[in-house]
Amino acid sequence: MMDIGPLNNIDCSNLSLMIVDDIPINTKLLGKLLEPAGFKTLLQYNNSQLALDSVKTVNPDIILLDIMMPGVDGFAFLSSVREDKSLDHVRVVLVSAVSESEEVHRALSMGANDYLTKPINAKRLYSCVAQQIQQILGGGLNDETEKEGIDC
């Protein structure tokens, strides 16, 4: 069994995850890394407009969202999700190669729940997703995540 850090101790079988990135290798990588967590639904989109069109139907618990995409970029996507009150529960983590503090601040001020930088570090990804799940389930961080001092 693959070590998925703090996700090893979380039941993801009732949760759905949407991955949106215009580069197929990125969605495949994130999907492959998170597949062992056992999400009920793990959807991968390489077209942000299709993902945005289906977000209400899919009703994901967590969205991992690239910023720099053609058509609907990550900021526009995030804005659309945050404007729809029926999607208030959705946790959105922006994933981008852009690591400037202005971009991170912009993302968080627009309602992103977190921000991960590329290239993806698996340990940070697992910890970040675990933190989002803990928020969904209404609990704090578990002891293992707190001990690791994760800042994702």
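I took helices (H or I, at least four residues) and strands (E, at least two) as DSSP runs, numbered from the N terminus. The model is a predicted one, so I asked for pLDDT of at least 70 for local features and 80 or more for side-chain atom pairs, while totals for chains, interfaces and linings use all residues. Residues are numbered from 1 along each chain as its sequence is written, and side-chain values use heavy atoms, with hydrogens and water left out.

**Entry 1: Ser80**

I looked up Ser80 and found it in helix 3. For exposure I used relative accessible area: buried is under 20%, exposed is over 50%, and partly exposed is in between (1.4 Å probe, protein chains only). Ser80 is partly exposed, because its relative accessibility is 32%.

In what order do the strands of the open sheet lie? I read 2-1-3-4-5 for its 5 strands, with parallel pairing; two strands pair if DSSP finds at least two bridges between them. Strand 2 (41-45) and strand 5 (114-117) are the edge strands, each pairing on one side only. On average, neighbouring strands are turned by 15° against each other, direction ignored. For such angles, axes are lines fitted to C-alpha atoms, for helices over the stretch in contact, and the angles run from 0 to 180 degrees between N-to-C directions.

I then went through two of the pairings. Strand 3 (residues 62-66) and strand 4 (residues 91-96) run parallel and are joined by 5 bridges. Leu65 has Leu94 of strand 4 as its bridge partner. Strand 4 and strand 5 also run parallel, with 4 bridges. Here Val93 stands opposite Asp114 of strand 5.

Strand 4, helix 4 (residues 101-109) and strand 5 form a right-handed β-α-β unit. I call a crossover right-handed if, with the strands pointing away from the viewer, the path from the first strand over the helix to the second runs clockwise.

I counted a contact when heavy atoms lie within 4.5 Å. Helix 2 (residues 48-58) packs on the sheet and touches strand 1 (16-20), strand 2 and strand 3. The direction of helix 2 makes about 165° with that of strand 1. Helix 3 (residues 74-83) lies across strand 1, strand 3 and strand 4, and runs at about 175° to strand 4.

**Entry 2: helix 2 and its ends**

Which residues of helix 2 are buried? I listed Ser48, Ala51, Leu52, Ser54 and Val55. Their cover includes strand 1, strand 2, strand 3 and helix 3. An α-helix has 3.6 residues a turn, so residues three or four places apart point the same way.

Ala51 counts as buried because its relative accessibility is 0%. Leaving out residues up to four places away in sequence, Ala51 touches Met18, Val20, Tyr45 and Phe77.

At the start of helix 2, a side-chain oxygen of Asn47 comes to within 2.9 Å of the backbone nitrogen of Gln49. After the helix comes Asn59, in the loop between helix 2 and strand 3. Asn59 is not a glycine, yet has a positive phi of about 50°. Its relative accessible area is 35%, so Asn59 is partly exposed.

**Entry 3: Thr27**

I placed Thr27 in helix 1 (residues 24-34). Is Thr27 buried or exposed? Thr27 is buried, because its relative accessible area is 2%. Its side chain makes a polar contact of 3.0 Å with that of Asn46. A polar contact is a pair of N or O atoms within 3.5 Å; within protein, one must be able to donate a hydrogen and the other to accept it, and residues adjacent in sequence count only if both atoms are side-chain atoms. Residues that Thr27 touches, beyond four places in sequence, include Ile19, Asp21 and Gln44.

**Entry 4: cysteines**

How many disulfides does the structure hold? I found 0, with a disulfide taken as a pair of cysteine sulfur atoms within 2.5 Å. Cys12 is buried, with a relative accessible area of 1%. Cys128 is buried, at 0% relative accessibility.

**Entry 5: a cis peptide**

I noted that the peptide bond from Lys118 to Pro119 is cis, with omega near 0°. Pro119 sits in the loop between strand 5 and helix 5 (122-137).
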